[in-house]
Amino acid sequence: AKRMQVGKLRCHGKHKSLGGALLAFGFIGLCSRKSFGCFAFVTEGALFTTSNAAARCRGFTGFHSYAHQSSRKQLAAPESISVAASGSSDDAAGIQLSTVSQTTINMAKNAIGFGVFSLPAGMAMLSGNMSAVGLLLAVMVAVGGLCAYTALLIGEVCEAVGASTYSEAWAKTLSPGSAWLVDVAVIGTSFIPCIAYSMVLGDCISLILAPLGLPAFISARPAVIILLTLGALLPMCSLRSLAPLAKFSLLGLLSQSFSMLTVVINALNGSYRAGGRFFHAALSTPKFSAGSSALAGIASPALLIFIGMLLNAYACHYNVPTFYSQLKPDSQGSRVAPFRSCVGSAYSVITALCSIVAIAGFATFGCSSEGFILNSYAAADSLASAARLVLSLSLLFTYPVVFAGARQAIAGLCGSRVADIERANPVLVTAPLLAVATLAAISLRDIGKLAAVVGSIFCSFVIVGAPPAMKIAALRSGRIAKRKGILGRLETAVLWGLLPMTLAVVIVGTAKAL
């Protein structure tokens, strides 16, 4: 029904050229997806009502798990967007509204996930010298500021056109006929994380089992991935209701926090420095390059790879329309000022935490930082092993939530017949999709590269490309008033400048990452 409503929206002629440009961009992303697709990590939790299905993937403590557009039922979870404490009021539709502090926390939890564990490898691509940390920190802060700005753009567009989902904002400002771009992004940001989760499970559990001396058909990485798929993931992903899994959302939050703390502690205690307890036992021997120039790295195409990884780690933009629509207005009845406060606070926290973990991991392993930093620590490191264990347990219960969004999105894109089969007998769609995800997880090893490609293709579109395009269309149609004077000209220059930047990240960042 939502798709039919969107289809009735008129596409104003003066916006067709802009929509066409974005369609061309989407085609590039779609063609590029054949290599890895999109890698978005989410915060554990719930399926939300969504016509921007991709936005719902952020359901583990930092993952993005998105339900399909036709899914209207919201499963409660601690980090669920609609979670609101006493004192919040209901809107006309009966949805409980969130306060500024609740929305800020939800945005921060929505963004911070497994993407943060790939950032040390991103820093290592630019420089192997600790003296470069200051310059790299400036890049991370700048990208965080950019993400905050585009989140505000989305909120402004939603306010102007009355949209409550990302796809609705896109359809009302650009072209309803290009809504397939959102569907493609849904698939990229929900199915590819399933591949990543299988990769992480295989890495973590095989490292945990390594000291036990078990036979390879049980403890080897491919065997672990296959056994987990058949014994745990297939039954759980075939469940008709995911409500029983909501109770494990707190486990996701705690495991994410513990893993991030593990990276910081190991950076501070010196156990991986030369002469340290685990220096020689580390799976990636710490290595630093004294002659490495940070300026040379910043000036190279590798910067676009790092930006893609940062966009992946900072992303919560699919959920921004829902955050905005479910935010409690101020005393003047406006959401604009409260939302600005939420975005500023949330991205301050997101940028700070991601920067701390990235610098801590880079300071520990330098040039040899793995794409998933927990893979760098020694198998005998009890603290790292504990982090791997709790993350693995959490992922087992997060996987079905993320996978449900992917399955629904793919079934919906394949047509009504497949969608009906998916609803009537989910296992018929679940089994082949899990087989693809499992084979891909066995074949791929570099999670950092996967994060870079996904961030470069899909996250750059969602965060950097689409928001200014929607704002430009809203300005042209008069739904948003144009600023006068130098500020207006500066804003116009920034909005148009972000579009070629998006294409640069997509094309160059993806090519270099591969």
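Visitor: What percentage of the 514 residues of the chain count as buried?
Guide: The model before us is a predicted one. A residue counts as buried when its relative accessible area is under 20%. Of the 514 residues of the chain, the share that counts as buried is 59%.

Visitor: Of the contacts in the chain with a separation of 6 or more, what percentage is between residues 24 or more positions apart?
Guide: Contact here means heavy atoms within 4.5 Å. Among contacts with a separation of 6 or more, those between residues 24 or more positions apart account for 78%.

Visitor: Is helix α4 largely enclosed or largely open?
Guide: Helix α4 covers residues 119-126. Its buried residues are Leu 119, Pro 120, Ala 121, Gly 122, Met 123, Ala 124 and Leu 126. Because seven of its eight residues are buried, the rest of the structure leaves helix α4 largely enclosed.

Visitor: Which residues of α6 meet α5?
Guide: Helix α5 (residues 133-161) and helix α6 (residues 166-173) pack at an angle of about 65 degrees, their axes being 10 Å apart. The crossing is left-handed, and by class the contact has six nonpolar, one polar and one charged residues. From α5 come Ile 154, Val 157, Cys 158 and Val 161, and they meet, in α6, Tyr 166, Ala 169, Lys 172 and Thr 173.

Visitor: Which residues of α19 make the contact with α5?
Guide: The crossing of α5 with α19 is left-handed. On the side of α5, the contact is made by Leu 146, Tyr 149, Thr 150 and Leu 153. The residues of this contact divide into seven nonpolar, one polar and one charged. Those that α19 contributes are Glu 491, Val 494, Leu 495, Leu 498 and Met 501.

Visitor: Is Lys 471 buried or exposed?
Guide: Lys 471 is placed in helix α18, which covers residues 447-477. Leaving aside its neighbours within four places in sequence, Lys 471 is in contact with Leu 153, Glu 156, Val 157, Ile 480, Glu 491 and Leu 495. Its relative accessible area is 1%, so Lys 471 is buried.

Visitor: How many residues apart in sequence are the parts that Lys 471 and Glu 156 tie together?
Guide: Side chains of opposite charge can pair when their charged atoms come close. The side chains of Lys 471 and Glu 156 meet in a salt bridge, at 3.0 Å from N to O. Lys 471 lies in helix α18 and Glu 156 in helix α5, so the parts tied together are apart in sequence by 315 residues.

Visitor: Which residues are linked with Lys 471 in a network of salt bridges?
Guide: Lys 471 and Glu 491 meet through their side chains in a salt bridge of 2.5 Å, N to O. This pair links helix α18 with helix α19, the two residues being 20 residues apart. Both Lys 471 and Glu 491 are buried, whereas Glu 156, at 31% relative accessibility, counts as partly exposed. Linked with Lys 471 in the network are Glu 156 and Glu 491.

Visitor: Which helices hold Arg 221 and Asp 203?
Guide: The side chains of Arg 221 and Asp 203 meet in a salt bridge, at 2.7 Å from N to O. Arg 221 is buried at a relative accessible area of 6%, and Asp 203 is buried, also with 6%. The two residues are 18 residues apart and lie in helix α9 (residues 221-237) and helix α7 (residues 180-209).

Visitor: What distance separates the C-alpha atoms of Tyr 314 and Cys 354?
Guide: Tyr 314 is found in helix α12 (residues 302-314). With a relative accessible area of 0%, Tyr 314 is buried. Tyr 314 and Cys 354 are 40 residues apart along the chain, and their C-alpha atoms are separated by 8.2 Å.

Conventions:
Residues are numbered from 1 along each chain as its sequence is written. This is a predicted model: local features need pLDDT of at least 70, side-chain atom pairs count only at pLDDT 80 or more; totals for chains, interfaces and linings use all residues. Side-chain values use heavy atoms; hydrogens and water are left out. Axes are lines fitted to C-alpha atoms, for helices over the stretch in contact, and angles run from 0 to 180 degrees between N-to-C directions. Helices (H or I, at least four residues) and strands (E, at least two) are DSSP runs, numbered from the N terminus. A crossing is left-handed if the near helix is turned anticlockwise from the far one by less than a right angle, and right-handed if clockwise. Ala, Val, Leu, Ile, Met, Phe, Trp, Tyr, Cys and Pro count as nonpolar, Asp, Glu, Lys and Arg as charged, and the others, Gly among them, as polar. Buried means under 20% relative accessible area, exposed over 50%, partly exposed in between (1.4 Å probe, protein chains only). A salt bridge is a side-chain nitrogen of Lys or Arg within 4 Å of a carboxyl oxygen of Asp or Glu.
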